[in-house]
Protein chains: 4
Amino acid sequence: MSTIDLNADVGEAFGLWPMGDDEALLDVVTSANIACGMHAGDPSHMRRTCELAVAKQVTIGAHVGYRDLAGFGRRFIDMEFGNLRDDVLYQLGALDAFARAAGGAVRYVKPHGALYNALMANRDQAAAVVAAVRDFGGRLGVLGLPGSALLRAASDGGLPTFEEAFADRAYTTSGELVSRRLPGAVIHDPAVSARRCVRLVRDGVIDTVEDIDLPLRADSVCVHGDTAGAVEIAQRIKEALLESNVSIKSFVA
Amino acid sequence: MSTIDLNADVGEAFGLWPMGDDEALLDVVTSANIACGMHAGDPSHMRRTCELAVAKQVTIGAHVGYRDLAGFGRRFIDMEFGNLRDDVLYQLGALDAFARAAGGAVRYVKPHGALYNALMANRDQAAAVVAAVRDFGGRLGVLGLPGSALLRAASDGGLPTFEEAFADRAYTTSGELVSRRLPGAVIHDPAVSARRCVRLVRDGVIDTVEDIDLPLRADSVCVHGDTAGAVEIAQRIKEALLESNVSIKSFVA
Amino acid sequence: MSTIDLNADVGEAFGLWPMGDDEALLDVVTSANIACGMHAGDPSHMRRTCELAVAKQVTIGAHVGYRDLAGFGRRFIDMEFGNLRDDVLYQLGALDAFARAAGGAVRYVKPHGALYNALMANRDQAAAVVAAVRDFGGRLGVLGLPGSALLRAASDGGLPTFEEAFADRAYTTSGELVSRRLPGAVIHDPAVSARRCVRLVRDGVIDTVEDIDLPLRADSVCVHGDTAGAVEIAQRIKEALLESNVSIKSFVA
Amino acid sequence: MSTIDLNADVGEAFGLWPMGDDEALLDVVTSANIACGMHAGDPSHMRRTCELAVAKQVTIGAHVGYRDLAGFGRRFIDMEFGNLRDDVLYQLGALDAFARAAGGAVRYVKPHGALYNALMANRDQAAAVVAAVRDFGGRLGVLGLPGSALLRAASDGGLPTFEEAFADRAYTTSGELVSRRLPGAVIHDPAVSARRCVRLVRDGVIDTVEDIDLPLRADSVCVHGDTAGAVEIAQRIKEALLESNVSIKSFVA
């Protein structure tokens, strides 16, 4: 029987500003990428989100990002190795305190937004993130795109790596995500997303914009939480997977 | 033989802005109150300060403060229980990650600035700080003023408490610090500070502004680091204590 | 014929986090209290809100607050005169640049949240706000609660003052707002709010929690924008006023 | 008789953290690039620096930067046109309020740090800065590197442009600054800096790292304030210029 993990970004509120329906989303996914305060997520929302994740038996991951509340971590910042490493370690330590207070622990790391994108190719920043995870200890897993500088650096650094696919993003034949600036980059039909997800997990392929079956493996599929209808899409994907006899569980043992 | 701890605030730089001579000060004190990023101290300075403290065998304490870089944590903020508790827990977790990366650990907590002052009497905020320390786990010590709401709440919460005295601050006969707004509140002569410190540790008294010997006990004496000549004053106090056969060591076992 | 102004807080989004339906609310009110970036409102939302206000011929006011994004300006900060004066002047200058770029100008000032509440009685902070408004020049109006330290300081400082009433807040017989912590402090029925508003403007009275008619005059009535149904309530109030032959227009000439 | 302007970055303190000796530096230069709060400079320091500049008859310029206190504006941020334009306009408005309160006005704009460097070639960000200056109105001057995307955009936008040279930086034969990462990029000998400055102003040439005289013209020479001995270097340059009968005055009429 096939197995897959579903992950989503949660805890992205800040102060009085809400974002997403974390409670509903955490009923669907098995892994929660929780914001750590630098691009989103204040301490009280971090606590609440960790408590929800523990109560719903969702694995806690640190969604680390650039220090940029005004830009929601979606703008590349040309940070040096040391400062980025330390900003990431800061976020890991802070989130872990809330995870532990809730009876859990941080089990993996997934970079957020512009940092996630930068780590496709930026080896210096990838090394900084990996250095932070290693400093933190406990051999946390690292969740990222197949072929990314991040996963290479993590693997070289002796950390467990996990590969991520996107249910609602179009792929090129060379295995890259189609840029969001191009038409058709994002798949809005839940039924289509769900079908692609089932094929990915059961058959190990995803169809590309060129209509070719691309071989792809994934440990986790990302479902988004901050768009309209996000929860419904996530539920549809989950149902489709369950109906296809796919077992859904965290990639962390 | 008498024993005392010397503590100082360190790690108060932020980004490109330096503050104090931490390296020299950490050669003198046995306990380091390290800023945690909310009122001062960015992640890279937190790392560097923890590394220095571990190298010099100085005990690491979390100098937690209000979220207020522009005010350096010196302005009272009327925070609710939950938000303050969570801001403190956030800071504890973040600092501990750096302490552990350096081969140490956070061993105690001392509130900073306006939060320290508020915790003399503000029971709600004292309870919030204590709740955070308890959530963090590991029975960290709490360092504060004798008679403060903070130490009462910590004691009620089952945490080890440690009493602090100030070498360079004038006391009233009722045991309170003379307000900084009054003349004579701060003692600028290192020789006087040193003499008062020796009497405090050896004889258990401190002289007050009314020139009366006030019985006072202390586990730790605070020496300041951010004023001109601070390091020299700290060294003078340490020498005077050592010459009086006082043993200087951390209050944490 | 009676005349009244309707004001609302707008521009309270920050970065990716939205708040309220400014576009709809600006179709109802005649004065817009626009957040200036310290407690809410980033520069791009400030621009957008000023453009909307100018397009809809709504008078622009500066909704100045404490520097506290995490607390949305709802926590008292014990700021000194100089720092508060300068934080307020900073906000005035910044907002005015956007107002002018949109073809308008800042015409009045209304403090936000905890600062608004503090200025009921805190004369030092009231003096700081007034000093900033005077430094800014142009004799901006000051909008606040009748009897507040703010309006006294503004009046003493030669600034035009305008008195504000709340459609959806209960009053005591002594003319104060019932604390939000008490039951019945907030009126949720739009029809009741509308009726009270009409009586206030036409008859110069508002009914109190003790069911007594309190004489009250107001230049402007505040309608809230950040609660569910806020826009509908504002519209109901406006309709009721228009049906009672009350003219609704800005208090700024 | 030749004429030149001397400019320096000032007002770069933040809260309790000082930086540079603004008072001494403002006795030397004729143009002050004043930080506006996003990368450095809190409102109270902005006020103080404007007051000093007005008292010493130094022209006030807005030293606008990326929103990045932790990085002091020295890290490139990949901002979109609209957000950067609005962040710059925000800073212009805020600083101008303090300049006017002090009896002056903002007369020119010089980008800071990583933004300055980005504007050598980044046309989108250059257009954003110019759009903000145009929105602000009053035809402020724009101070930047000869040949930069910034000056081209400013010139295309109808703004007065002014060219800047660096007394203490080595040039390549193609007229670019030698990267700070290369040896010899920064000239530390005040006598050498002063001599180069005199040749630049009187003869219109600067010697390059290849020991060739590069023709170069400049409206203003930047002297740095945040390094050890900065004020002394600035004074030496000024004296050398005055001894060579160069008149030193602001490029703003």
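This report walks through a predicted model, from its overall confidence down to one residue.

## What you are looking at

Since the model is predicted, local features need pLDDT of at least 70 and side-chain atom pairs count only at pLDDT 80 or more, while totals for chains, interfaces and linings use all residues. Residues are numbered from 1 along each chain as its sequence is written, chains are lettered from A and ligands numbered from 1 in the order in which they are written, and side-chain values use heavy atoms, with hydrogens and water left out.

## Chain A as a whole

Chain A holds 8 helices and 10 strands. Both are DSSP runs numbered from the N terminus: helices are H or I with at least four residues, strands are E with at least two. With a radius of gyration of 17 Å against the 18 Å that the globule rule gives for 253 residues, chain A is as compact as a globular protein of that length. That radius is taken over C-alpha atoms, and the rule is 2.2 Å times the number of residues to the power 0.38. Along the principal axes, the C-alpha atoms fill a box of roughly 45 × 35 × 35 Å.

Of the 253 residues in chain A, 62% are buried; that means under 20% relative accessible area, with exposed over 50% and partly exposed in between (1.4 Å probe, protein chains only). The accessible surface of chain A is about 9600 Å², and 47% of that belongs to carbon and sulfur atoms. Such areas come from the Shrake-Rupley method with a 1.4 Å probe, and for residues only the protein chains shown count as cover. Take the contacts (heavy atoms within 4.5 Å) in chain A between residues at least 6 apart in sequence: 71% of them join residues at least 24 apart.

Helix α3 of chain A covers residues 81-101, and its 21 residues reach 31 Å from first C-alpha to last, close to the 30 Å expected at 1.5 Å a residue. The expected span is 1.5 Å times one less than the number of residues. α3(A) is mostly covered, with 16 of its 21 residues buried. Just after α3(A) comes Gly103(A), with a positive phi of about 95 degrees.

## How the copies fit together

Turn chain B by 180 degrees, with a shift of 0.0 Å along the axis, and it lies on chain D with an RMSD of 0.0 Å. The two copies are thus related as by a two-fold rotation axis. In chain B, the C-alpha nearest that axis belongs to Trp17(B), 3.0 Å from it. Copies are superposed by least squares on the C-alpha atoms of residues with pLDDT of at least 70 in both. These copies meet through the same surface, because 100% of the interface residues of chain B are also interface residues in chain D.

Chain A can likewise be laid on chain B by a turn of 180 degrees and a shift of 0.0 Å along the axis, with an RMSD of 0.0 Å.

Ser31(C) lies in strand β2 (residues 31-35) of chain C. Is Ser31(C) buried or exposed? It counts as buried, at 0% relative accessibility. Leaving aside neighbours within four places in sequence, the contacts of Ser31(C) include Asp5(C), Asn7(C), Val58(C), Tyr108(C) and Phe251(C).
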